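Subject: Structure handover

Hello,

Please find the structure below. My notes on it follow.

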Amino acid sequence: MSSHFRHFLVLLLMLLSVGVSAVEVQRPRGVPLSKREFYEEGKPFTCLDGSHTIPFDRVNDDYCDCQDGTDEPGTAACPNGSFHCTNAGFRPAFIPSSRINDGICDCCDTTDEYNSGAACQNTCRELGRNERESLRKLAEIAKEGFLLKQQLIHESKRGIEDKKTKLEEVQLSRKELVDRVEALRTVKETAEQPEKEAKDRHLQAWEDQKAVIRMEKDKGKMAEVFLELDDDADGFVSVSELLSHSELDPDSDGPFTEEEAQVILGSVDKVDTVAFETVWSNIKEKYKSEATTDTSAPVEPPHEETGEPVSDNDSESYSEDDIPEEEEEDDEDDEDDDQDDADYKTPPTVTTPEKKSDDDDEGTMPPYNQETQNLIDSAQKARDEFDEAERALREVDDQIRNLEKEISFDFGPSGEFAYLYSQCYELSTSEYIYKLCPFNRVSQKPKYGGSETNLGSWGKWAGPENDVYALMKYEHGTGCWQGPNRSTTVKLICGKETVVTSTSEPSRCEYLMEFITPAVCQEPPSLDSPHVHEEL
């Protein structure tokens, strides 16, 4: 139980048990009942810090004898003293000694203004009555909240047991799935081997067929080139005929000489169609067909005059550097227009037809024969069944991870916070809609359009050591502009409902939410509780 909550309940029980009546125990003015034993009339008084001992008649004599101010509990003589308000019928309180007889009523029983002449009225009974009523309502809420918490604990225990049972079942089914996956893997691999072999045979046959097609095409091309080179149609290709194709120059160094042409032909002066096969293998990569070569001489464009342009007016001409960028761009556009209007055209660039890919020239691979297609269908069926089993295994693994995570999660000492898991709660303000998803994340979304902002993801329980479950911490949210990542602290408050009641931003990018839940309600102590007797 949190110390704050216990103190609240003890205070309530004290007020309810004491009521509006109280027995006044004789003691010096300003002394609390807990220190009555140190102030025995007729005996020397020892300062509570042990520094001095003085005659009792010097207590409350309006002169400060003790360094800790304990000899003047009922006067303003000591600057560091404190005055105890008895406040019978309400809560006792301490005020600084400097407020004694200052004309302002600080104690509801008016005992701090015993000699100031202030017109104070004793309001302790009314304050006590109002507070007891308020505390009684809070106690009723706490009691109902605690009963709800007991139900939550019961449901959590039952839920955990159900999840453990489910986990055992899923783990058992996983073993069966693993065996099925391995069996289907073997079936798949067994079916894929003949499929691969059949597809490889089909592909090889297609490659062989394409090689024959390429060979026939190459022979046809060689025959065409032979006829193009055989200018005199004598059935031979000679050195002089090769020289008409300068692109065949072996070293591409400029002039194509007879010696270089002779090297291409070999040891003979000319070759017939049979011998041309060797020559063809050496020149076919460089050879350009006469039918695709534009032999017309390019027309050179007329040279523009380089003289200074004549100005249309007497204004001073600008240097090129002085022309603004926009004017330069306009000039460039004008130059382009001038080019278009010129009475000549640049000769077209000589292009060669795009070379078709081998697949285009050789057609597409023929369909598989029925035997190969049957093997492919069989292998594909085995793959589909294997993939489906693997997918089912992954889903089971995800289910096991989620169950193990939920079973091992810290949902409080008795699992009372488990009911918040996978739930979300919203709070709407004038500008935003805030969403708290316990153990997941906190977000903020503009009410009238806009993207959602992450105010933090679940981090840890962050309450004090004696009440760690009083606060939730959500961290590593969306980064602020030139600032840290957003984070949210959620303060848990006892109540009968589960609802977000408020949100604020006490520091930049650090948010605070108040969240009511019966999961933090504690059992009210009875009047026979030793804690109550200690307080009383």
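Helices (H or I, at least four residues) and strands (E, at least two) are DSSP runs, numbered from the N terminus. This is a predicted model, so local features need pLDDT of at least 70 and side-chain atom pairs count only at pLDDT 80 or more, while totals for chains, interfaces and linings use all residues. Residues are numbered from 1 along each chain as its sequence is written, and side-chain values use heavy atoms, with hydrogens and water left out.

Thr488 belongs to strand 12 (residues 487-493). Because its relative accessibility is 1%, Thr488 counts as buried (under 20% relative accessible area; exposed is over 50% and partly exposed in between, with a 1.4 Å probe and protein chains only). A polar atom of the Thr488 side chain lies 2.9 Å from the backbone oxygen of Leu455. Not counting residues up to four places away in sequence, Thr488 touches Val442, Leu455, Met472, Lys473, Tyr474, Tyr511 and Met513 (contact: heavy atoms within 4.5 Å).

The largest nonpolar core has 24 residues. Such a core is a set of buried Ala, Val, Leu, Ile, Met, Phe, Trp, Tyr and Cys residues joined through side-chain atoms within 4.5 Å. Those with the most contacts inside the largest core are Phe417, Leu436, Phe439, Met472, Val490, Leu492 and Phe515. At least two residues each come from strand 7 (425-428), strand 8 (432-437), strand 10 (453-461), strand 11 (471-475), strand 12 and strand 14 (510-516). Strand 14 gives the most, with three residues. A second, separate core of 18 residues includes Leu229, Ile264, Phe276 and Tyr287.

Ile264 is also one of the buried residues of helix 4 (residues 258-265), along with Glu260, Ala261 and Leu265. These lie on the same side of helix 4, because they cover an arc of only 145° around the axis (taken from the directions from the helix axis to the C-beta atoms). Glu259 and Val263, on the other side of helix 4, are exposed. The cover over the buried residues includes strand 5 (237-238), helix 3 (239-242), strand 6 (270-271) and helix 5 (276-283). Just after helix 4, Gly266 has a positive phi of about 95°.

Asp230 sits in the loop between helix 2 (124-229) and strand 5. Leaving aside neighbours within four places in sequence, Asp230 is in contact with Gly235, Phe236, Val237 and Glu241.

Regards

Terms used. A polar contact is a pair of N or O atoms within 3.5 Å; within protein, one must be able to donate a hydrogen and the other to accept it, and residues adjacent in sequence count only if both atoms are side-chain atoms.
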